[in-house]
Structures are given as structure tokens and as C-alpha cells.
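Student: I'd like to learn how to read side-chain packing and ring pairs in a model. Can you walk me through it?

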Amino acid sequence: MITDARVFQDTFVPEEVVHRNTELTHLSGVLAPVLHGEPAETAAIFGPTGVGKTCCARYAVEQLRENSFNVRTQYVNCWQDYNRYRVLYRLLEGLDRTLDIHRQSTPRDVLYDRIREANDDPYVVVLDEVDQLEEKDVLYDLYTLSHISLILIANDEQEFYSNLGDRLYSRLTGSERVQFDPYSLDEIVAILDARANSGLANGVVSPAQMELIADRAAGDARVAIGILRTAARKAHRDGTGCLTTEIIEAAVPDTRSELRQKTIEQLSHDQQMLYEIIEEHGETTPGTLYEAYEQRCDDPKSRRSVRNYLGKMEHYHLIDAEGEKRARVYRLSESAFGAQNS
């Protein structure tokens, strides 16, 4: 019954992106100069999780590659590559110039110089989860290279810009902003229909069942596709030949648990430490949390960095925060993962 499991993977980019024409047209317009060998303005994509930001960025970049042999591209997830060295190394990988680079000994300035010298063709760089970067000066480094065009992806526009230094803020505040809003129920149904047509046999899931999945996903396409994937796997194992309401309802909490665990595993070492402290305390103030973090960490980050970490964990619905300043408390989120947009 599953004819192509790839269409349900998080990294899958469809041949046609559904219900994001306006955003894609905007983004493609920003990147258009690259096709003529000219640098594009920096594009800054903002919006909550599960609204198609990454998918659209990947799609737009793929369109560039299809229309020009000379455009080079690279995708960087700043949650995994969160410092200057890792970002520069990933960009060199995209240029196939890491053969004699030694991760433990090659100075990062050597990496940067090598990227600067590789200026024969335009290089479009997608920095996903860019607000996770711990050394944001690398953005300034890349911004000053005329052959590099940046696509920056983050959840919250105000939060992202507020954490930039003056030098970087003055340059990136003029970026072309592309805002993504949550999908409606009908839009989620259309996305599910497209994935089902590509990845499932005919008749496996009915229109009413796709509406049920869309309702449970509450505007988050990632959750919706995950529920469809989980339900299809269960139906395949059970040999039912098609989805049932019972299988779909059972897939909802399983999918949310799976996505929550994936998100926790993506957290940096410091973020995981903060998550564990909050879990142990049940509820904690910023002062108590930072004190416990300092005691456990050999090289603790600043209070400002910790606030940024916590903000990111809020965006991903891992923790909840209530109150302001000293009255603020943090606790693990009790809401079903991915259901906060409802």
C-alpha cells in the first residue's frame, strides 16, 4: 500500500509545492539575479514550525539549479552546524574543497579564505534555523562575499533581529522578508492529498480521513504528514489494505511523541541540559535554572544565550513559560506536541 516512502520523509521536496505560490513567487523573485550571475539580496524567511519554510527554500534553490549550470547551492542546518567553523566547513563541502582540511587543526580563517576565493560562480546558501547560530559573526563574513547569496530561515523575526549586533543588524535589517503563516485545514488536506497520490496506492486513505488528519494536525503540515506516515505504516503491518479511523486516531499521539523526541535529540548539549533541569524541577524560575545550569556545565554560556535557548525551545513547544522577568517560570510543555496552533 506504500508505493513510495520517500514522499513522507522530512527532507522530501515535492515537484510542486502546494498553497505557497505567493511566498515562492516572492522568494524566486529575490533570487532571480543569481541566474544572471549577479548577487541576490539576502532573503529572510520567518514563520512557525510546520508551515513549509524549509520545503519552499529547498524548492526555490532546486529551481535555480534546474535553470542554470553555474549556480552552486548548499543547505546548512544551524541546529547541527551552530558555530562559525562548522558553517564554513559545510560551505566548503558544497564546493568540494575539504579534501585537505583537517577539522581539528585547520584554522577557520583558512576555510573562509578558500570560500572567498571560490568566486567563479554564484553560491546560494540556505541557513536553516539560523537563530541557533552561536557565532553570528559568520553571517557578516558571508554577507560581505559578493558571490554568496543568503537565505535565512528562523521562527520569529523580532527575536532574530534583536539578537544581532549593531554591525550585522544594520546590514540584515534590509533583507527581503518572506512571512509564512500556518496552513488552513483545506490547505493541509491538499498537501496530504498530493503526498497520498505520490506515496500510497489508490484508495488507501479517503478524503474524510484526510480531513480528520488535517484537523488533528492543527495547521502544522509536518504533523499532518507524520500522522499519515505513521497510520500508513500501521495499516501496512496489520494488512488492512487501507486506513481506518481507529488507526488514524492511534497515530496522532504516536506521531507527536515521535516528533517531540526527534526535536529533543536535535537540541544542543546546553539546551538538553536546560531541558533536563526543567524536567527535574517540574517548574523553575530563570535564576534557579541558570544557577543549576552553571553548576553542571564546565563552560556555561551567558544568561543572554540561555534566554535564547529557552526561547527556541518554546517555539518548538518543548517548554512553556509564564510571567515576566523575575516572576517568570519555565516548565515542560504539557500540550500535545504540534497542537499549539489550534
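Tutor: Contact means heavy atoms within 4.5 Å. Keep in mind that this is a predicted model, where local features need pLDDT of at least 70, side-chain atom pairs count only at pLDDT 80 or more, and totals for chains, interfaces and linings use all residues. Residues are numbered from 1 along each chain as its sequence is written, and side-chain values use heavy atoms, with hydrogens and water left out.

Student: Which residues does L127 touch?

Tutor: Leaving aside residues up to four places away in sequence, L127 touches V76, C78, V87, L139, L142, L150, I151, L152 and I153.

Student: And how do I read a nonpolar core?

Tutor: It's a set of buried Ala, Val, Leu, Ile, Met, Phe, Trp, Tyr and Cys residues joined through side-chain atoms within 4.5 Å; buried means under 20% relative accessible area, with a 1.4 Å probe and protein chains only. The largest one here has 35 residues, and L127, L139, L142 and F160 touch the most other members.

Student: What about ring pairs?

Tutor: A pair of aromatic rings is described by the distance of the centres and the angle of the planes. Phe, Tyr and Trp rings (six-membered ring for Trp) pair if their centres lie within 6.5 Å; under 30 degrees between planes is stacked, over 60 edge-to-face, and the rest tilted. That rule gives six aromatic pairs. One of them is F46 and Y161, tilted, at 5.9 Å centre to centre and 55° between the planes.

Student: Is F46 buried or exposed?

Tutor: F46 is buried, and Y161 is too. Ring pairs also link F46, F160, Y161 and Y169 into a cluster.

Key:
Buried means under 20% relative accessible area, exposed over 50%, partly exposed in between (1.4 Å probe, protein chains only).
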